[in-house]
Amino acid sequence: MKFTSLETKNCILKKFKISDVNKVYFDWLKDKENSKYLTNYQFKNILELKRYVLKNFLNQKSLFLKILTKDFVHIGNLRIHDINKKKNSAFLGIIVGDKKQKNKGIAQEVIHHISKFLFAKYKISKIYLGVDRKNKSAVNAYLKSGFIFYKKKKNL
């Protein structure tokens, strides 16, 4: 998908590049607090993580973005995947990995803006999430962004 950048009040979203897989990003995934609710975080080294990102995230049916502060500090990632233009739907995942940026409303702000962008640019009106119910901060960010529970699975 085509994407250049998107600016919010406090952040800038830019396309993720393989060069963005670095020690800082790797350490986010190794952090117990960050990885507590992630499904893919068991990487032995940065090279293994780079291979995974190349294979799964950097493709035409996916939009993998880095979340930057206004000072261009990489603080998190956002992934839009399984984009279906016929069904006007996509799936969304987000991580704010920088601990100094947590609980500041960054996730809610980014989710709100990317949702508006997806609707305006691609007419995507259904955005699905897989979120663990125990992840209260993520659930609250999604609810504050206007998401509703559509289907409830066991813990998701």
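Strand E3 is mostly covered, since 7 of its 7 residues are buried (buried means under 20% relative accessible area, with a 1.4 Å probe and protein chains only). The model is a predicted one, in which local features need pLDDT of at least 70 and side-chain atom pairs count only at pLDDT 80 or more, while totals for chains, interfaces and linings use all residues. Residues are numbered from 1 along each chain as its sequence is written, and side-chain values use heavy atoms, with hydrogens and water left out.

Both faces of E3 are covered: Leu63, Leu65, Ile67 and Thr69 are buried on one side, and Phe64, Lys66 and Leu68 on the other. Strands (E, at least two residues) and helices (H or I, at least four) are DSSP runs, numbered from the N terminus.

E3 belongs to an open sheet of 6 strands in the order E1-E2-E3-E4-E5-E6, with mixed pairing; two strands pair if DSSP finds at least two bridges between them. The edge strands, E1 (5–7) and E6 (126–129), each pair on one side only. From one strand to the next, the twist averages 25 degrees (axes are lines fitted to C-alpha atoms, for helices over the stretch in contact, and angles run from 0 to 180 degrees between N-to-C directions).

E2 and E3 are antiparallel and share 5 bridges, with Ile12 opposite Leu68 in E3. E3 and E4 also run antiparallel, joined by 6 bridges, and here Leu68 has His74 in E4 as its bridge partner. These two strands, E3 and E4, form a hairpin with 4 residues between them, and Phe72 in the turn has a positive phi of about 65 degrees. By contrast, E5 and E6 run parallel, with 4 bridges.

Helix H1 (residues 23–30) holds the buried residues Tyr25, Phe26, Trp28 and Leu29. Viewed down the axis of H1, its buried residues lie within an arc of 150 degrees, so they line one face of the helix; the arc is that of the directions from the helix axis to the C-beta atoms.

Methods
Buried < 20%, exposed > 50% of the residue type's maximum accessible area, 1.4 Å probe, protein only.
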